[in-house]
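Subject: Structure handover, with notes

Hi there,

Here is the structure I promised to pass on. Could you look through it alongside the notes below?

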Amino acid sequence: MSSRLTSLPAPTSGGTRLGLDTEAIRVLLLDLDGVLVDTRPVMERAWRQVREDHGLDVPFGEYERHLGRPFSDIMQQLGLAEAESIHQTYAKASTAASHLARQFDGVAEVLHAFAAADWRLGIVTSKPLARATPLLAQLGVPFATVRTPNGVGRGKPAPDPILLALIDLGADPADALYVGDMAVDQEAARRAGVSYVHAAWGYGTPSPPAPVVAKSPKDLLRLMDTGPILEGSLV
């Protein structure tokens with residue numbers, strides 16, 4: 001399928017310009033939480049358990065501001081010691097509340113459409129592999145690579161997991177798009193030299209300069225459509 005994205009006078013904050021033929025862009029990398037699956041209810045319940053068990057007076061909103069980073073980095077950002085103990089509590093509570101997670105409307109259909117168009121799909125997430133795997137299995141999509149904090153390298157906002165995913169796929173940064181919902185996703189994409197699309201249905205807001213924004217999962221299909229798009233939007 002031939003498609004051209006035009007009308008982008010300046011590079012996006014994700015790195016390379018999107019004003020090019022998508023014949024050369026055949027890798028779609030995606031974050032998990034806030035992009036494919038709504039796990040906020042799971043996280044809220046898990047963080048409530050952390051507060052109760054560890055006597056913390058840190059509201060969920062403060063934790064949520066740092067989503068996208070590895071858990072240990074979030075603990076550092078919050079100034080909390082005993083990160084490993086807190087992580088164990090959080091992981092156990094998250095697993096118990098995993099039934100509260102829901103796919104965002106249209107996500108599976110969109111991913112299957114990209115796969116049918118011969119795009120290679122990959123996941124770059126800060127969720128540990130053990131908790132990410134069941135959520136990804138529910139999507140029923142053939143992901144060619146899954147990069148989590150369980151592997152080598154630094155976590156987001158460092159570019160390492162995105163670059164490692166591209167190595168897995170034998171692709172160049174110029175061949176890929178990364179879809180995220182947090183400023184750390186945007187920064188990781190920029191540092192990796194990968195074009196970034198911000199998922200407006202997620203949990204965070206992008207940083208300046210404004211990136212291309214998709215307002216719903218189905219908006220991502222416009223990346224395969226012909227015709228121009230406006231800078232900073234897919235609609």
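To begin with a helix: is H7 (residues 160-169) mostly covered or mostly open, and how many of its ten residues are buried? Helix H7 is mostly covered, with seven of the ten buried; buried means under 20% relative accessible area, exposed over 50%, and partly exposed in between, using a 1.4 Å probe and protein chains only. Helices (H or I, at least four residues) and strands (E, at least two) are DSSP runs, numbered from the N terminus.

Before going further, please keep in mind that this is a predicted model: local features need pLDDT of at least 70, side-chain atom pairs count only at pLDDT 80 or more, and totals for chains, interfaces and linings use all residues. Residues are numbered from 1 along each chain as its sequence is written, and side-chain values use heavy atoms, with hydrogens and water left out.

Back to H7. Its buried residues are Asp160, Pro161, Ile162, Leu164, Ala165, Leu166 and Leu169. Just after the helix, Gly170 takes a positive phi of about 65°.

Pro161, in H7, counts as buried because its relative accessible area is 10%. Leaving aside neighbours within four places in sequence, Pro161 is in contact with Val124, Arg147, Arg154, Gly155 and Lys156. Val124 lies 37 residues away along the chain, yet the C-alpha atoms of Pro161 and Val124 are separated by 6.3 Å.

Lys156 also takes part in a cis peptide bond, which joins it to Pro157 with omega about 15°. Pro157 lies in the loop between S5 and H7. Another cis bond runs from Pro208 to Pro209, with omega near -5°, and Pro209 sits in the loop between strand S7 (195-199) and strand S8 (212-214).

Two backbone angles are also worth a look. Most residues other than glycine have a negative phi, and most peptide bonds are trans. Glu82 has a positive phi near 55° and lies in the loop between helix H3 (71-77) and helix H4 (83-96). Asp118 has a positive phi of about 70°, and its place is in the loop between H5 and S4. Glu82 counts as exposed because its relative accessible area is 59%; Asp118 is exposed too, at 60%.

Helix H4 also holds Ser94, which is buried with a relative accessible area of 5%. Not counting residues up to four places away in sequence, Ser94 touches Val42, Ala46 and Arg131.

The lining is made up of Leu30, Val35, Leu36, Val107, Val110, Leu111, Trp201, Pro217 and Leu220. Helix H5 (residues 107-116) gives the largest share, three residues. The lining divides into nine nonpolar, no polar and no charged residues, where Ala, Val, Leu, Ile, Met, Phe, Trp, Tyr, Cys and Pro count as nonpolar, Asp, Glu, Lys and Arg as charged, and the others, Gly among them, as polar.

Best wishes

Methods:
On a 1 Å grid over the protein atoms alone, a cavity is a set of points where a 1.4 Å probe fits but cannot get out, and a pocket is an open set with protein on both sides within 12 Å along at least five of seven lines; lining residues have an atom within 4 Å of a point. Contact means heavy atoms within 4.5 Å.
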